[in-house]
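Look over the sequence and the structure first, then read on.

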Amino acid sequence: MDDKHAIGVDVGGTKILAGVVSVDGHVLRRHERSTPTDTQEHVVAELETAIAELLDDSVAAIGFGAPSSTDQRRGYLYPTVNTPLGNIPLRDRIQERFGLPVGLDNDANAAAIGEWKAGAGRGVDDMLMLTLGTGVGGGVISEGRPFRGNNGIGAELGHVVVVHDGRPCQGICTGRGHLEAYLTGLAATAAAREAFGPSADAHRLVRLANEGEETAIEILTGIGRILGSGLGSFANVFGPELIVIGGGFGVAAFEFLIPPALEVMHREALEPMRSMARVEKAQLGTAAGLIGAAFVAFEALEAVAA
Ligand SMILES: [Zn+2]
C-alpha cells in the first residue's frame, strides 16, 4: 500500500485544486482549473477532467474536500453557498467513472486532516483548525481521529455564537453573532473600508498594519480578540493540544491576530486547557485541502480493504 497514491481534490468557490499525493503526504503532481459557476453538471465535468489529467496506475483512490456538508453514508454533498453543487451523489458518480474507491469530506475537515497528517499537527492526537478566508471553516481531530459528528456533518466551528444577537452571519446561515460574521477576509475588508475608504480591503489592512499604521493594527487587534473568544470556548470543549490557524486571511494577519486572541483565550479557557493548547500557523498553505482530501481517499481505500 505504501507505493500507492491518492488523488485529492479541493473544490473551491473559484478554483479546483487537485494533486497526486503519497501516503506520507507529499504532493507529487498538481493540476488546477477554474470552478464553473453556471451548472452542477459543468462543475462535475471539470472535476472529472482534473482527475483524468492526473490519473495513472499508481492512483488507488480519490478524495474530495467540498465546500459543503457531506452525507458520508450516501456519499452526497448537501447544497453549498458558493458553488452550484448540492444534493448530488458525487461519490457513486466518480466511483463509477474511474472504478476506484472515493471518499468525501467537508473542505475545512480536509484542511484539518491535511495539517494533522502532513503539516503543523504531525504527531498530535488532539487538535483543531480554523480557516479564516471568505468563510470560517473548522475541523477537529479528537483522540487521533477526525471528528465528523453525525454522518459527516460536523464540525462547523465558524458558526458558533460569540456575540448574542450580534452581526448577521453570511450566505444561507440565519444566525447572528457567529464567528464567521467577524473573522473573514470580507469582514476585515468591510472594517478597512470604513476606516480607509471604499478602495481599501483586507490585503491593504494587513499591509498597513505591517507598516505600523495604528488604526489598522487596532482593527486587527479587535478581530483577534473575537477570535480569542472562540478559541477559549473551543479549548474548553475539545481540550486540544494544538490549534492551527489557516486560510488566506488567517495566515496573512496571523502576527496581528494571535497576541490579542491569546490574551482573551487565556481569560476564557479553564485550566488545564488554557496551558495545554498551543496556537500555531498552518504550514501547508493552499495545499492543505487537497492533501487532506487525499487522506480522505486513503481512508476510503482502507474501508474497502477491511
Ligand atoms: Zn453562521
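The report below covers the domains, a helix pair, the nonpolar core and some backbone details.

**Domains**

This is a predicted model. The chain is divided into domain 1 (5-110 + 286-305) and domain 2 (124-282). Their centres, taken over C-alpha atoms, are separated by 26 Å. Where the two domains touch, domain 1 gives 12 residues and domain 2 gives 14 residues. On the side of domain 1, β5 (70-71) and α3 each supply at least two residues. Helix α3 gives the most to that side, with three residues. By class, the domain 1 side has three nonpolar, five polar and four charged residues.

**A helix pair**

Helix α3 also meets another helix, α11. Helix α3 covers residues 107-118 and helix α11 covers residues 288-305. Their axes come within 7 Å. They cross at roughly 85 degrees, so α3 is roughly perpendicular to α11. From α3, the residues in contact are D107, A110, A111, A112, I113, G114, E115, K117 and A118. From α11, they are A288, G289, I291, G292, A293, F295 and V296. This contact has 10 nonpolar, three polar and three charged residues.

**The nonpolar core**

In soluble globular proteins, nonpolar side chains tend to be buried together. Here the largest nonpolar core has 98 residues. Its members with the most contacts inside it are V9, L205, I243, A294 and A297. Which element gives the largest share of this core? The answer is α11, with 11 residues. The core draws at least three residues from each of domain 1 and domain 2.

Take A297 as an example. Leaving out residues up to four places away in sequence, A297 touches A6, I7, G8, A61, I62, G63 and G103.

V279 is found in strand β12 (residues 278-281). Is V279 buried or exposed? V279 counts as buried, because 20 C-beta neighbours lie inside 10 Å. Neighbours within four places in sequence aside, V279 is in contact with L231, I243, I245, I258 and L262. One of these, I243, is among the core residues with the most contacts. A305 lies 26 residues from V279 along the chain. The C-alpha atoms of V279 and A305 are separated by 37 Å.

**Backbone details**

Most residues other than glycine have a negative phi, and most peptide bonds are trans. Some places in this model depart from that pattern. The peptide bond from E271 to P272 is cis, with omega near 5 degrees. P272 sits in the loop between α9 (254-268) and α10 (273-276).

N87 and E143 each have a positive phi although neither is a glycine.

Terms used. Residues are numbered from 1 along each chain as its sequence is written. This is a predicted model: local features need pLDDT of at least 70, side-chain atom pairs count only at pLDDT 80 or more; totals for chains, interfaces and linings use all residues. Axes are lines fitted to C-alpha atoms, for helices over the stretch in contact, and angles run from 0 to 180 degrees between N-to-C directions. Helices (H or I, at least four residues) and strands (E, at least two) are DSSP runs, numbered from the N terminus. Angles under 35 degrees count as roughly parallel, over 145 as roughly antiparallel, 65 to 115 as roughly perpendicular and the rest as oblique. Two residues are in contact if their C-beta atoms, placed from the backbone, lie within 7 Å. Ala, Val, Leu, Ile, Met, Phe, Trp, Tyr, Cys and Pro count as nonpolar, Asp, Glu, Lys and Arg as charged, and the others, Gly among them, as polar. A nonpolar core is a set of buried Ala, Val, Leu, Ile, Met, Phe, Trp, Tyr and Cys residues joined through C-beta atoms within 7 Å. A residue is buried if 20 or more other C-beta atoms lie within 10 Å of its own, exposed if 12 or fewer, and partly exposed in between; C-beta atoms are placed from the backbone. Domain bounds come from an automatic or database domain assignment.
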